[in-house]
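Trainee: I am new to this structure and would like to go through it by question and answer. Please show it to me.

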Amino acid sequence: IKSKLPGTKTSIFSIMSKMANDHNAINLSQGFPNFETDQKLKDLVTRAMEEGYNQYPPDSGVQVLREEIIKKIRSLYGKEYDVDSEITITSGATEALYTAITAFVKKGDEVIVLKPAYDTYEPTIKLNGGKPVQIQLKGDNYKVDWEEVRSVITSKTKMIIINTPHNPTGTILSEEDMLQLQNILSETDIILLSDEVYEHLIFDKEQHQSASKFSELSERSIVCASFGKTFHNTGWKTGYCVAPENLMKEIRKIHEITVFSVVHPMQRAYAEYLKNAENYLSLSKFYQTKRDLFLNLIKDSKFTYTPSKGTYYQLLNFSGITDENDVNFAERLVKEHGLASIPVSVFNINEKDNNQLRFCFAKTDETLEKAAEILCKL
Ligand code: PMP
Ligand code: GLN
């Protein structure tokens with residue numbers, strides 16, 4: 001059989017988590033918490049099931065959840081989306097990204113992707129006959145060179161994908177970045193796909209700069225979000241996207257033929273849980289404390305780093321420890337030292353830039369302490 005995606009391999013997240021299990025290693029690779037989601041939220045799911053919310057919900061998601069999300073976006077970013085026509089609840093952000101790309105990218109279209117990039121963007125572009133146009137983020141802080149972005153725009157450019165806070169680097173886009181992007185796109189028909197799954201995990205008093213906040217930009221934007229990341233339940237696979245009606249109409253066509261609708265009782269539970277804004281506003285502080293603990297625990301190690309500004313990932317540079325590449329070192333770290341991480345070159349263009357590993361700090365303090373002990377001995 002001729003593969004439709006010949007260059008695409010098994011996801012590094014699956015590979016590393018399996019390797020961690022096989023070697024009984026501490027798993028700081030795939031991004032998920034090793035602590036429980038709030039009991040209140042679990043109780044809300046049980047209640048929803050007992051109340052009989054066990055059949056198909058509406059394809060766009062349950063009304064009360066759409067309403068609560070729209071209120072949240074209004075209060076945080078000042079943008080008003082229409083509850084009936086401008087929001088869809090999806091099977092995680094993964095489905096939102098897939099449907100958004102599939103709804104618009106066709107054969108010959110170009111899509112600008114900033115590298116390192118999350119691993120689902122490019123295969124989805126290619127599956128639709130599109131061409132990823134890659135731009136490397138620059139320097140230790142992985143900044144976007146907006147002039148370079150401007151220079152690669154052609155009449156074929158259909159979409160640009162951004163991700164803030166950024167997986168795997170933990171960098172964030174500033175207001176100035178967003179204004180530059182808005183300016184660059186203003187004379188084009190390019191769609192902005194904004195992956196904001198870590199919107200509530202942002203540190204050092206920084207503000208998340210959502211594409212929804214910028215009125216001109218929001219008119220061409222699809223913004224994707226994930227409850228799994230926000231509420232410590234990645235296995236519930238529930239997220240959403242918001243976009244102006246003309247874009248959402250097309251996204252829903254793909255959503256209906258891929259999943260139609262998504263898990264019903266979880267939607268009821270999230271709707272209730274979102275009513276208390278503290279449930280998401282408390283997360284930045286919670287994860288900043290985890291980041292600080294982790295960095296403090298490894299401060300005497302041979303690793304160097306720039307503190308993560310958002311997400312629950314921290315990159316560590318290991319040039320002071322070994323010359324081997326990140327894939328080899330990550331493998332050795334699991335097999336010989338019992339600690340799993342993610343090699344960054346897998347998402348990057350610069351193979352030279354392969355001396356960093358990504359560690360997920362969404363873990364109990366005890367796990368972070370054990371992991372740091374290993375890292376400090378290297
Ligand atoms: N985008 C990014 C940048 C991610 O890190 C992830 C993983 N959570 C996703 C999208 C997918 O999110 P979900 O688990 O909600 O499908
Ligand atoms: N987003 C998660 C990460 O970056 C993994 C999601 C997945 O396993 N596909 O680790």
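Trainee: Is Lys237 buried, exposed or partly exposed?

Mentor: This is a predicted model, where local features need pLDDT of at least 70, side-chain atom pairs count only at pLDDT 80 or more, and totals for chains, interfaces and linings use all residues. Residues are numbered from 1 along each chain as its sequence is written, while chains are lettered from A and ligands numbered from 1 in the order in which they are written. A residue is buried if 20 or more other C-beta atoms, placed from the backbone, lie within 10 Å of its own, exposed if 12 or fewer, and partly exposed in between. Lys237 has 19 other C-beta atoms within 10 Å, so Lys237 is partly exposed.

Trainee: Where is Lys237 found?

Mentor: Helices (H or I, at least four residues) and strands (E, at least two) are DSSP runs, numbered from the N terminus. Phi of Lys237 is near 45°, a positive value in a residue other than glycine. Lys237 is found in the loop between α9 and β8.

Trainee: What is the phi of His232?

Mentor: The place of His232 is in the loop between α9 and β8 (239-242). His232 has 19 C-beta neighbours inside 10 Å and therefore counts as partly exposed. His232 is not a glycine, yet its phi is positive, at about 60°.

Trainee: Which residue does a cis peptide bond join to Pro116?

Mentor: Pro116 sits in the loop between β3 (110-115) and α5 (121-127). The omega of the cis bond is about 0°, and the partner of Pro116 is Lys115.

Trainee: What is omega for the cis peptide bond that joins Thr164 and Pro165?

Mentor: Pro165 has its place in the loop between β5 (157-163) and α7 (175-185). For the cis bond between Thr164 and Pro165, omega is about -20°.

Trainee: Which element gives the most to the shell around ligand 1?

Mentor: A residue is near a molecule if its C-beta atom, placed from the backbone, lies within 6 Å of it. Of the 14 residues around ligand 1, Gly92, Ala93, Thr94, Asn167 and Ser226 come nearest. The elements that give two or more residues to this shell are α4 (92-104) and α9 (227-230). With 3 residues, the element that gives the most is α4.

Trainee: How many charged residues has the shell around ligand 2?

Mentor: Ser11, Phe13, Gln30, Gly31 and Asn167 surround ligand 2. Ala, Val, Leu, Ile, Met, Phe, Trp, Tyr, Cys and Pro count as nonpolar, Asp, Glu, Lys and Arg as charged, and the others, Gly among them, as polar. By class, the shell around ligand 2 has 1 nonpolar residue and 4 polar ones, and the number of charged residues is none.
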